[in-house]
Amino acid sequence: MCTGATSVALSVSQDAGSSIKWTPSTGLSSTTSFSVTALPTISTTYTAVVTNTYGCSASRKKAILVNQLFDLSRLPLNDTSIYIGEKIQLVVTTSSSNVTYKWSPDNNISCLSCNNPWVNPTQSITYTVIAGNGCIDETVKFNIEVIADFYLEAPSAFSPNGDSNNDIFKFEEGNI
């Protein structure tokens, strides 16, 4: 259930016995009724112990998961720039274990449902991730500027005479 959402009804058939005791009492409308209303503020496992007229008892447990607000952190921390052809990892982390991730757009991204995809955009772009736990959705945007500043140069001559000056014919490149 979501934090502060409507309550959950819990019940045990009264045919099971003559008395009942619910624990813990936190968030319950009653601890001695066969039908109770639960509104816990944190995830809680409730136990109902039913006792019959002969003193015999049995118990049942019911866990209620309460989705909490979650913190979210990201890497890189700010908008970033890369050269065309480079890739960068976008990371979103949270302390909550039940968060799902949905990335968009699906343009040159390694994973659409993980928290740490690699991206290799060919032009400036904004990637968006929606992190949610079924109750709360958080949206984070990653603006990436792609710099198309590259060069490839071939020498017009070389002198392979062994004097260690221009002896090797090789291309020079930048940001490729």
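User: Let's start with the hairpin. How many residues lie between E4 and E5, and which residue in the turn has a positive phi?

Analyst: This is a predicted model, so keep that in mind as we go. In a hairpin, look for the two strands and then for the turn that links them. Here E4 and E5 are the two strands, with five residues between them. Gly55 sits in that turn and has a positive phi of about 90°.

User: In which sense do E4 and E5 run, and how many bridges join them?

Analyst: E4 and strand E5 (residues 57-64) run antiparallel and are joined by eight bridges. To find your place, take Thr44, which stands opposite Ile64 in E5. E4 also has strand E2 (residues 19-23) as a partner: five bridges join E2 to E4 (residues 44-51), again antiparallel. On that side, Ser19 has Thr51 in E4 as its bridge partner.

User: In which sense do E7 and E13 pair?

Analyst: They pair in the parallel sense, over four bridges. A handy landmark is Tyr83, whose bridge partner in E13 is Ile147.

User: How should I think about the nonpolar core, and which residues touch the most other members of the largest one?

Analyst: The general idea is that in soluble globular proteins, nonpolar side chains tend to be buried together. In this model the largest nonpolar core has 19 residues, and Leu90, Trp103, Tyr127, Phe142 and Ile144 touch the most other members. Strand E10 (100-104), strand E12 (125-132) and strand E13 (137-147) are the elements that give two or more residues to this core. Apart from it lies another core of 12 residues, including Ile20, Leu28, Val50 and Val66.

User: Which cysteines does the disulfide join?

Analyst: For a disulfide, ask which residues it links, then which parts of the chain they belong to. The structure holds one disulfide, and it joins Cys2 to Cys135, with an S to S distance of 1.8 Å. The link is left-handed, with -90° about the S-S bond. Cys2 lies in the segment before strand E1 (8-11) and Cys135 in the loop between E12 and E13, so the pair ties together parts that are 133 residues apart in sequence.

User: Is Cys2 buried or partly exposed?

Analyst: Cys2 has 26% relative accessibility, so it counts as partly exposed. Cys135 is also in the partly exposed class, at 28%. Cys114, at 18% relative accessibility, counts as buried.

User: One last stop: where is Asn67 found, and which residues does it touch?

Analyst: Asn67 is in the loop between E5 and strand E6 (73-75). With 9% relative accessibility, Asn67 counts as buried. Leaving aside residues up to four places away in sequence, Asn67 touches Met1, Cys2, Thr3, Asn98, Asn133 and Cys135. That list includes both cysteines of the disulfide, Cys2 and Cys135. The side chain of Asn67 also reaches the backbone oxygen of Asn133 at 2.9 Å.

Notes
Residues numbered from 1 in each chain as written. Predicted model: local features only at pLDDT ≥ 70, side-chain atom pairs only at ≥ 80, totals over all residues. Heavy atoms only, no water. Core = buried A, V, L, I, M, F, W, Y, C linked by side-chain atoms within 4.5 Å. Buried < 20%, exposed > 50% of the residue type's maximum accessible area, 1.4 Å probe, protein only. Pairing = 2+ DSSP bridges. Disulfide = S-S within 2.5 Å. Polar contact = N/O pair within 3.5 Å; in protein donor to acceptor, adjacent residues only side chain to side chain. Contact = heavy atoms within 4.5 Å.
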